[in-house]
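Reader: Please show me the model, and then I will ask about its fold, its confidence and its surface.

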Amino acid sequence: MARRRATNASGKSVSASARAPRVKPKNGPPGGALTDRLAAVERERDALKDELERSKSRLRLLEETQSQVRDRIAWALDSLHSILQGKG
């Protein structure tokens, strides 16, 4: 008889989340879990926006510093070139 039941069983596997019963919160609105998730996602979005702004600011600072270093190196090379031309 066990074989008979096994042959009637569905061959499809079901994920654990699909098998788990859905539990609704007892206190709070029915959409409370969604509201909490939405609030968490909004906080994460705001944190990511802030981090992006800080990164952009840091990038601008690094680009300005790189430009200044490039200008100083060009000036030093020009100075050395002028010195070498004066000796020759």
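Reader: How many helices and strands does the secondary structure of the protein chain come to?
Author: This is a predicted model. Read from the N terminus, the elements of the protein chain follow the order α-α-α. The secondary structure therefore comes to 3 helices and 0 strands.

Reader: What share of the residues in the protein chain is buried?
Author: A residue counts as buried when its relative accessible area is under 20%. The protein chain has an accessible surface of about 8900 Å², and carbon and sulfur atoms account for 57% of that surface. Of the 88 residues in the protein chain, the buried share is 1%.

Reader: Which residues form the nonpolar patch on the surface?
Author: Residues in such a patch need over 30% relative accessible area, and nonpolar side chains are joined within 5 Å. Ile-83, one of the members, lies in helix H3, which spans residues 32-87. Together the members have about 470 Å² of accessible area. They are Val-69, Ile-73, Leu-77, Leu-80 and Ile-83.

Reader: Is Ile-83 buried, partly exposed or exposed?
Author: Buried means under 20% relative accessible area and exposed means over 50%, with partly exposed in between. The relative accessibility of Ile-83 is 47%, so Ile-83 counts as partly exposed.

Reader: Which side chains meet in a salt bridge?
Author: The cut-off is 4 Å between a side-chain nitrogen of Lys or Arg and a carboxyl oxygen of Asp or Glu. By this rule there is 1 salt bridge, with an N to O distance of 3.0 Å. Its side chains belong to Arg-45 and Asp-46.

Reader: What is the relative accessibility of Asp-46?
Author: Its partner in the salt bridge, Arg-45, is partly exposed, with a relative accessible area of 41%. Asp-46 also counts as partly exposed, because its relative accessibility is 34%.

Technical notes: Residues numbered from 1 in each chain as written. Predicted model: local features only at pLDDT ≥ 70, side-chain atom pairs only at ≥ 80, totals over all residues. Heavy atoms only, no water. Patch = residues over 30% accessible without salt bridge, like charges linked within 9 Å, V, L, I, M, F, W, Y side chains within 5 Å. Areas by Shrake-Rupley, 256 points an atom, 1.4 Å probe, with all protein chains shown as cover. Helix = DSSP H or I, 4+ residues; strand = E, 2+ residues; numbered from the N terminus. Buried < 20%, exposed > 50% of the residue type's maximum accessible area, 1.4 Å probe, protein only.
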